[in-house]
Amino acid sequence: MTAKDEIIYLDNNATTQLDPAVVEEMLPFLTASYGNPSSSYKFGAEPRKGIERARERTAALLDCEPDEIVFTSCGTESNNAAINSSLQFDPRGKHIVTSAVEHSSVLRHCQDLAKRGCEVTFLGVDGDGNLDLDELVRAIRPDTAIVSLMWANNETGVVFPAEKIAEICCEKRVLFHTDAVQAVGKIPIHLRDSAINFLSLSAHKFHGPKGIGALHVNRRSRFRPSIIGGGQENGRRAGTENVASIVALGKAAERAAESMEEEQTRVRTMRDRFEKTIRERVSGVSINGAGTVRLPNTSSFSFDGIESNAALMLLDRHSICCSAGSACRTGSQEASHVLRAMNLGEERARGSLRFSFGRFNPESDVDRTIEIVPKVIEKLRGLSSGTAAEEPVAVQTV
Ligand code: PLP
């Protein structure tokens with residue numbers, strides 16, 4: 001057994017293992033079939049066909065039309081592109097509505113736009129991470145260019161009612177973009193009859209490769225590209241296509257569509273057993289967002305009296321991979337902006353750990369983790385109260 005086999009990977013919201021079927025499908029496009037899809041000779045036709053098949057498969061997962069899919073380099077690009085596009089159409093439209101719990105690819109982009117003349121309303125959430133839809137209605141103004149709200153939260157798994165939000169925006173005649181990077185492949189999405197204008201996704205969150213994403217642009221919605229150059233992607237995203245990764249995204253989408261129902265149930269059962277046992281074995285623990293609709297794979301805990309970075313280090317010694325809130329902040333001492341926005345108190349925000357399950361986790365991963373987590377928490381609490389066992393731990397300096 002190699003060290004890699006021993007890893008217990010419970011950080012599937014950060015990224016996922018490539019599905020072997022995805023690797024198999026993309027390999028020919030990294031080797032023999034290397035033609036440029038824009039070339040007119042026959043050698044360019046195979047990559048071109050690969051891209052179009054991927055577009056159809058991605059559209060099938062989202063229940064939309066293939067020509068509504070624009071391939072991008074990642075979820076971050078998709079999020080930036082949707083917001084940027086909306087700001088370019090209506091010169092009056094310089095107001096954006098978003099939330100305080102978005103991923104940094106929306107949050108920081110909006111903060112940056114605010115410094116450059118846009119007005120941004122950041123909606124708050126309640127203690128369960130829910131939005132107040134009446135507050136959303138009140139926030140929309142005549143000069144609102146776009147509402148951008150995530151479908152599912154990467155830290156807590158809390159699911160926003162994206163379809164209902166889209167209807168509100170439609171009634172108010174304002175564009176709606178949803179960052180569905182954590183939702184796609186985990187919960188069913190039907191865009192056909194929805195009022196959603198733009199939706200972002202990223203392949204590496206559902207067993208595809210990193211560095212490839214897509215933006216769904218509803219047929220009714222005008223879109224102006226952020227990346228200008230050649231006429232690729234029907235003029236909506238310039239740059240020679242990342243053929244192998246696009247093909248891989250398509251295959252990952254097909255696999256997600258095939259296994260969604262079975263996988264949702266299996267992963268939810270595993271997650272629920274994990275949460276139940278941790279609650280039984282550890283005192284002073286709460287589950288963030290437990291009172292509302294959540295993704296089936298995500299557990300966000302707050303443990304009283306610990307620092308999450310210290311817990312991460314101890315868990316890492318047991319080869320358990322999880323994260324403190326979002327992976328983007330790992331290594332930073334700052335508490336989760338999501339948990340802070342939920343007003344749960346500084347201690348709960350600082351003592352948070354996120355475990356996220358996925359397709360390749362066997363039940364034995366849960367068995368092992370429910371043995372280790374209580375010991376780690378006990379040790380850290382002992383350290384802070386001065387009653388720890390003698391074994392020295394590196395985390396004391398964290
Ligand atoms: N949006 C959410 C909710 C995410 O969780 C992430 C990744 O962590 C992103 C956007 C960014 O996606 P990418 O890593 O493809 O840029």
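## Aromatic pairs

Tyr34 is exposed, with a relative accessible area of 62% (exposed means over 50%, buried under 20%, partly exposed in between, with a 1.4 Å probe and protein chains only). Phe43 is partly exposed at 36%. This is a predicted model, in which local features need pLDDT of at least 70 and side-chain atom pairs pLDDT 80 or more, while totals for chains, interfaces and linings use all residues. Residues are numbered from 1 along each chain as its sequence is written, and side-chain values use heavy atoms, without hydrogens and water.

Rings of Phe, Tyr and Trp (its six-membered ring) pair if their centres lie within 6.5 Å; planes under 30 degrees apart count as stacked, over 60 as edge-to-face and the rest as tilted. The count comes to seven aromatic pairs. Tyr34 and Phe43 form an edge-to-face pair, with 5.0 Å centre to centre and 80° between the planes. The ring centres of Phe198 and Phe223 are 6.2 Å apart and the planes stand at 55°, so this pair is tilted. Phe198 belongs to strand S7 (residues 198-202) and Phe223 to the loop between strand S8 (213-217) and helix H8 (232-235), 25 residues apart. Both Phe198 and Phe223 are buried. Ring pairs also link Phe274, Phe301, Phe303, Phe355 and Phe357 into a cluster.

Helices (H or I, at least four residues) and strands (E, at least two) are DSSP runs, numbered from the N terminus. Strand S5 (residues 144-148) is mostly covered, with five of its five residues buried. Strands pair if DSSP finds at least two bridges between them. Strand S3 (residues 95-99) runs parallel to S5 and is joined to S5 by three bridges; His95 stands opposite Thr144.

S5 also pairs in the parallel sense with strand S6 (residues 175-179), over three bridges. Here Val147 stands opposite Phe176. From S5 the chain passes through helix H7 (residues 162-171) to S6 in a right-handed β-α-β crossover (right-handed: with the strands pointing away from the viewer, the path from the first strand over the helix to the second runs clockwise).

Three bridges join S9 to S10, and Ser286 stands opposite Ser302.

Asn297 lies in the loop between S9 (285-287) and S10 (298-303). Its relative accessibility is 3%, so Asn297 counts as buried. Beyond four places in sequence, Asn297 touches residues including Asn13, Lys186, Arg271 and Phe355 (contact means heavy atoms within 4.5 Å).
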